[in-house]
Amino acid sequence: MSLIPLRWLSRDSHTAATVAPHVHAGLRAVVVRAGCGKKLRPLLVIALALLVGCNAGPNYVRPKLEVSDAFSRWPSTEPATAPSSETVVATGEAPLRDLAHWWEVLHDDELNSLLSRAVKRNIDLRVAIARLQQSRAELVQFGGEELPELTLSGVAGQGTGNNISRGGLVGGPLAASVNTSGLREVTQVLGVDTDFELDLFGNLRREEQAIAADAVVAAEVRNQVLVTLLGDVTRTYIQIRTLQLRIAIAEQAIDVQRDAANVEHQRFERGISNELDSALADREVETTESALPPLQAELLMAKRNLAVLLGDEPDGLLIELDAQSPLPQIPADVDAGLPIDLLRRRPDVRQAEAQLIAANARLGVATSFLYPRFFLTAAGGFQSQGFGREPVVYRGLWEAAPAVSWPFLDFGAVDANIQAQNEATRAEAANFQKVILTAIADVDNGLTSYDAERRRLDRLGSAVADAQRAVSLATQRYDRGIIDYLNVLDAQRSLYLLQDEQAMSENAAVADFVDVCQSLGGGWEGFPPPPPLKAPLPAILATIRDATGHSDRPLRN
């Protein structure tokens, strides 16, 4: 049950209209049934409201969001046809619909194994999980601090004074509870004390809401790290396979060019050809060979980067991925759903809303300081005269003290803090809207790029087929003496460059597919959340656990 302070009735009219009348009507009915006079009824309504408790500040209401009905894609609705070349990435028939396991549609066992290992061992993900567990523990800690806490304190000794419970030797209320009747000197004091805040205006409840929202933020940060990790591992793996393919294409072109150069050398030695054609053939071989070292170095670096993502040393991975493997298939399309689905699925959007909820709750915390805070303090125990002092006397100690704190004259400090939290909430609301717009644009751009790359891949497949036919025709015409060798070299060079460009387009198509799935927030739902915290123990049991060496320490000798 929440009562909205008067300062917020104009700002949150919907909440005030739906919550406050029911609360006020219920309290009024209680007062009327009690038979109170009209003059006393307002005071009793206020008193009952204090006993019921209320939450200062506005309750959270999601801002009105205006999003498009569908994602924007490539202007043409005609689907891209499957590429005709055998080396081009194959296109699946069915569109992707299971975003929680989007990588499974690629049908690559090695990739599945790498992703499984990365989720278990990636260092960034381990850091995010630790931060999440830390936030959960802080939430549990605050929940415990809201409840009464019993503190045991005691002291025993002799001195020149007459009351060792003074001067800070025994903390808390016991130091103010003195009953020295019949005692010349107090030599022993033992007791327990507790204090508790009556959260009548929601100071603690709003703070707990804020800390709970912070824990949600940490959970969504973990989910975003997981989404990013799945995309990075997949893209790096595809890059490795693409570089292996490009190296194979270059080596195949070198073999063809070297055979052609040997033939030209023989033709020149027999006087059939000229020295220029022989030199041009050698130049073509050396030019293509010069492309190999950068590709080989890039492949080695990609494997090392993948090892880092897996949280492992690169040596084993270098051997594991040494053999060439074809690029995985991509689906014919991706079922992106509706833009509003991003609110439910995309971690950064969920994180932005959790940050807005936390800011709104902290606005309630700031507002609660406009109202009184009530505390209850209690203590009980005994004090005695002993240690050689006669007679030995025991006296009981107790205290029960309600307290109130109300900064009714603070020269604007509380209200200034409310204004600051107001602006912080407005900033988080604006950021929430920006994150949503960015998320929709990411999906639109990803889908557009994916559609465009598939169309480009289709055209490149046709171009490679034409280039292969051109090499065959140029070789035949050169053998019959119709054209010179420069035309053959040009046809071979064009074929090699188109095959290399086709391989890079294959990489871009799979990478665009990964970008689309990542922009849709897919992947984190496919893995279980981190385990819950271990149940916290009371301080005395935790002390025993720590003393016996059974604590869960992150760093051990």
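Helices (H or I, at least four residues) and strands (E, at least two) are DSSP runs, numbered here from the N terminus. By that rule Glu 264 belongs to helix α5, which covers residues 203–269. The structure is a predicted model, in which local features need pLDDT of at least 70 and side-chain atom pairs count only at pLDDT 80 or more, while totals for chains, interfaces and linings use all residues. Residues are numbered from 1 along each chain as its sequence is written, and side-chain values use heavy atoms, with hydrogens and water left out.

The secondary structure of the protein amounts to 13 helices and 4 strands. Of the 557 residues in the protein, 40% are buried, where buried means under 20% relative accessible area, exposed over 50%, and partly exposed in between (1.4 Å probe, protein chains only). A contact means heavy atoms within 4.5 Å. Among the contacts with a separation of 6 or more, 83% join residues 24 or more positions apart. The protein exposes about 29800 Å², of which carbon and sulfur atoms supply 57%; accessible areas come from the Shrake-Rupley method with a 1.4 Å probe, and for residues only the protein chains shown count as cover.

Confidence is given by pLDDT, the predictor's confidence in each residue, from 0 to 100. Its mean over the protein is 79, with 77% of the residues at 70 or more. Residues 1–36 have pLDDT below 50, and the model gives this stretch 53 contacts beyond near neighbours in sequence. Over residues 77–90 the pLDDT also stays under 50, with 31 contacts beyond four places in sequence.

Helix α5 can be checked against its length. Just after α5, Gly 271 has a positive phi of about 80 degrees. Not counting residues up to four places away in sequence, Glu 264 touches Ser 273, Asp 277, Ser 278, Ala 281, Tyr 478 and Tyr 485.

Ala 281 is also a contact of Leu 489, together with Leu 280 and Glu 284, leaving aside neighbours within four places in sequence. Leu 489 lies in helix α12 and counts as buried because its relative accessibility is 1%. Leu 489 and Glu 284 are 205 residues apart in sequence, with their C-alpha atoms 7.4 Å apart in space. Glu 284 also takes part in a network of salt bridges with Arg 283, Asp 490 and Arg 493.

A salt bridge is a side-chain nitrogen of Lys or Arg within 4 Å of a carboxyl oxygen of Asp or Glu, and the count by this rule is 24. One of them joins Glu 353 and Arg 62, with the closest N and O atoms 2.8 Å apart. This pair links distant parts of the chain, 291 residues apart: Glu 353 is in helix α10 (residues 347–368), and Arg 62 is in the loop between α2 (41–52) and α3 (109–121). Glu 353 is buried at 10% relative accessibility, whereas Arg 62 is partly exposed at 43%.

Arg 117 and Glu 320 form another salt bridge, with a closest N and O separation of 2.7 Å. Here helix α3, holding Arg 117, is linked to helix α8 (residues 314–320), holding Glu 320, across 203 residues. Glu 320 is partly exposed, at 33% relative accessible area.

Glu 501 pairs with Arg 456, the closest N and O atoms being 2.9 Å apart. Glu 501 is in helix α12 (residues 485–519) and Arg 456 in helix α11, 45 residues apart. Both ends are partly exposed: Glu 501 has a relative accessible area of 30%, and Arg 456 is at 33%.

Helix α11 (residues 413–479) also contains Gly 446, which counts as buried at 11% relative accessibility. Gly 446 and Ser 72 are 374 residues apart in sequence and 9.9 Å apart in space, C-alpha to C-alpha.

Strand β1 (residues 151–156) contains Leu 152, which is exposed because its relative accessible area is 62%. Leu 152 forms a nonpolar surface patch with Leu 150, Leu 190, Val 192 and Phe 382, with about 470 Å² of accessible area together. Patches are made of residues with over 30% relative accessible area and no salt bridge; like charges are joined within 9 Å, and nonpolar side chains (Val, Leu, Ile, Met, Phe, Trp, Tyr) within 5 Å.
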